[in-house]
Amino acid sequence: MVASIQGAAIPPAAQTEQAPVKLEVRDLTIRYGNQPALSNVSLDIREHEIFGIIGPANAGKTSFLKTVNRMNTFNANMHVDGEILFNGLDVRHLKNVYALRSRIGVVFPLPVGLPMTVYDNVALAPRLSGIKDKADLDIIVERCLGRAALWDEVKDRLDSLGSLLSGGQQQRLTIARALSQEPEVLMLDEFSIAVDPVTTMRIEDVLKELKEEMTIILVTNLVQQARRLAGRTAFFLNGECVEIGETEDLFTGEIKDRRTRDYVEGRFG
Amino acid sequence: MFETSELNIKNQRVQRLFKILFLLMTMLLIAPVLLILGTLIVKGGSVISIDFLFTSPTDGMTAGGIFPALLGTVWLVAVALLISVPLGIAAAIYLSEYAGENWFTRIINLAIINLAGVPSIVHALFGVGAFVLFFKFGTSILAASLTLAIMTLPVVIVATRESLQAVPFAFREACWNMGATRWQTIRRVVLPNAVSGILTGVILEVSRTAGETAPIMFTGAVFFTPFLPQGIFDQTMAMSLHLFVVSTQVPGVPENLPYGVALVLIAMVLIMNSLSIAFRIYLRGKKKW
């Protein structure tokens, strides 16, 4: 099972246009009880692209992310219809959801520094998946903290509590943790909500580099952030996917739907 | 701009009145505690000595010490804890971390609340029927401790469940998102951060268990035995029952003796409670979020 959802090796330089599809979503419908959260969304997310999802609150963005890594199983009230193909396999029929989740890194709106040391925060997931060797863990921790642009700030206090770092540091710690299992997909849910602008810019630079190694789904409230980072962007509104297109087109008038223009230009939301 | 109006004055007066009222209520609460402790120390303090603690009663329990009862209570509490702590913690973990919101969970919760509300004498009779007679443990430490364990189970379950619930949900979600199973999450993140609350609950249970009389008097504790307990199938004396006996059942007991027994019993409980408080303060200092 583990091997069967592994993606084919793709050269990092592959062009977004030609890159194979990483995540294929077909007619995805999500309900909470009788309350629809997302209806009939179909989209393709390609390897090595940053795919932006913008939209106001209650648009269904977070529900979408939860369905991708099957976190919806923790909410009995959440009903999902449609297909989500991860490397061509429908995640809804995967038996080994743990392997799926370890291939998808997630970063939440609010930083979650687990109440353990900085080192243990990053080493937790590799340890859970069976890596015991201290030298291997050291390499993973340094590499992940480095890629999350946090290593220089914490390298002298890896033994201090992760939950006592500043908000911006904790968010980068969360990213380091999400990277600790070499995920194929990184999903970020409004990561900059509790982070200062300088840290936000640093994380955005990190994401631009990570794009070479993985597929990134960026859910954001900040239209300009999507513009800075995302190659293509989808606009969700009230559970509907209003528009999907090249991000630049959303800003240069190539928009088909008036609601998208209103949102992008700040007339609501 | 900041003139005081009639209404302001009235509000402040009412506010002061209520503050004093609540303070009085609080003082009332402390009074019985101080009175009990004071009486016990004044009347029973003179009885306490090393000999009193470590020798057996003599002269038809009108003289001598309390060692068999003291040791018996330690036995009863220890065996009861061995049974109820693992059981209670396991149940609490299930209820907090695994159980869904459904009728089954609701029934279990209702059962726990009701178990906490059952009078101790009813537990005693249940203990006689179930452990002494049906399981044929006889009147023994095992039967008495099982009865005590069942009686105090709700304390452990509720304390554990609450301290598990106090661990932020975001920690669990973060672990699940990394592909951790529920048990890995509980083991690595939830339990280590709930340990202080769980231990507090356990220590509270100790003080409750040590003081109970009814559940043990038919199931394992005896009026008097010259022998110290050697194992869980022995009968034993116990502090709480011994206090009842020397206070009401034996003629010719010096007036100070029951006070001395009560003082030792209450000291045991207070020491356990102080330990619990000290431990909580220690762990709070290490609070990680």
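## Helix α10 of chain B

In helix α10 of chain B, which covers residues 239–249, the buried residues are Met239(B), Ser240(B), Leu241(B), His242(B), Leu243(B), Val245(B) and Val246(B).

The structure described here is a predicted model. Its scores are ipTM 0.85 and pTM 0.82.

## Confidence by chain

Chain B has an average pLDDT of 90, and 99% of its residues score at least 70. For chain A the average pLDDT is 87, with 92% of the residues at a score of at least 70. Within chain A, residues 1–16 have a pLDDT below 50. Where pLDDT is low, the predicted coordinates should not be read in detail.

## Overall form of chain A

Chain A contains 10 helices and 10 strands. Along the principal axes, its C-alpha atoms fill a box of roughly 55 × 40 × 40 Å. The radius of gyration of chain A is 18 Å, which agrees with the value near 18 Å for a compact globule of 269 residues.

Of these 269 residues in chain A, 46% count as buried. Among contacts in chain A between residues at least 6 apart in sequence, 70% join residues that are at least 24 apart.

## Two loop residues in chain A

Asn34(A) sits in the loop between β1 (21–32) and β2 (35–46) of chain A. Asn34(A) counts as exposed because it has 6 C-beta neighbours inside 10 Å, and the cut-off for that class is 12 or fewer. From Asn34(A) to Lys66(A) the separation is 32 residues in sequence and 18 Å in space, C-alpha to C-alpha.

Arg70(A) also lies in a loop, between α1 (61–68) and β4 (78–86) of chain A. Arg70(A) has 20 other C-beta atoms within 10 Å and is therefore buried; the cut-off is 20 or more. The phi of Arg70(A) is near 65 degrees, a positive value in a residue other than glycine.

## Two loop residues in chain B

Asp59(B) has a positive phi too, about 55 degrees, although it is not a glycine. Asp59(B) is placed in the loop between β1 (57–58) and β2 (63–64) of chain B. With 9 C-beta neighbours inside 10 Å, Asp59(B) counts as exposed.

Val47(B) belongs to the loop between α1 (6–44) and α2 (50–54) of chain B. Val47(B) has 19 C-beta neighbours inside 10 Å, so it counts as partly exposed. Leaving aside neighbours within four places in sequence, Val47(B) is in contact with Phe52(B), Asn256(B), Leu257(B), Tyr259(B) and Gly260(B). Val47(B) and Leu263(B) are 216 residues apart in sequence, yet their C-alpha atoms are 9.6 Å apart in space.

## An open helix in chain B

Helix α4 of chain B (residues 103–117) has 15 residues. From the first C-alpha to the last, α4(B) reaches 21 Å, close to the 21 Å expected at 1.5 Å a residue. The number of buried residues among the 15 of α4(B) is zero, so this helix lies largely in the open.

## The nonpolar core

The largest nonpolar core has 146 residues. Those with the most contacts inside this core are, from chain A, Ala176(A), Met187(A), Ile216(A), Ile217(A) and Leu218(A), and, from chain B, Leu76(B) and Val261(B). Helix α6 of chain B (residues 141–165) gives the largest share of the core, 15 residues.

Not counting residues up to four places away in sequence, Leu76(B) touches Ile141(B), Ala144(B), Ser145(B), Leu148(B), Ile216(B), Thr236(B) and Ala238(B).

## Contact between the chains

Chain A puts 20 residues into the contact, and chain B puts in 16 residues. On the side of chain B that touches chain A, α7 (169–177) and α8 (182–211) of chain B each supply at least two residues. The largest share of that side, five residues, comes from α7(B). By class, the residues on the side of chain B that touches chain A are eight nonpolar, six polar and two charged.

Notes
Residues are numbered from 1 along each chain as its sequence is written. Chains are lettered from A and ligands numbered from 1 in the order in which they are written. This is a predicted model: local features need pLDDT of at least 70, side-chain atom pairs count only at pLDDT 80 or more; totals for chains, interfaces and linings use all residues. Two residues are in contact if their C-beta atoms, placed from the backbone, lie within 7 Å. Helices (H or I, at least four residues) and strands (E, at least two) are DSSP runs, numbered from the N terminus. Ala, Val, Leu, Ile, Met, Phe, Trp, Tyr, Cys and Pro count as nonpolar, Asp, Glu, Lys and Arg as charged, and the others, Gly among them, as polar. pLDDT is the predictor's confidence in each residue, from 0 to 100. The radius of gyration is taken over C-alpha atoms; the globule rule is 2.2 Å times the number of residues to the power 0.38. The expected span of a helix is 1.5 Å times one less than its number of residues. A nonpolar core is a set of buried Ala, Val, Leu, Ile, Met, Phe, Trp, Tyr and Cys residues joined through C-beta atoms within 7 Å.
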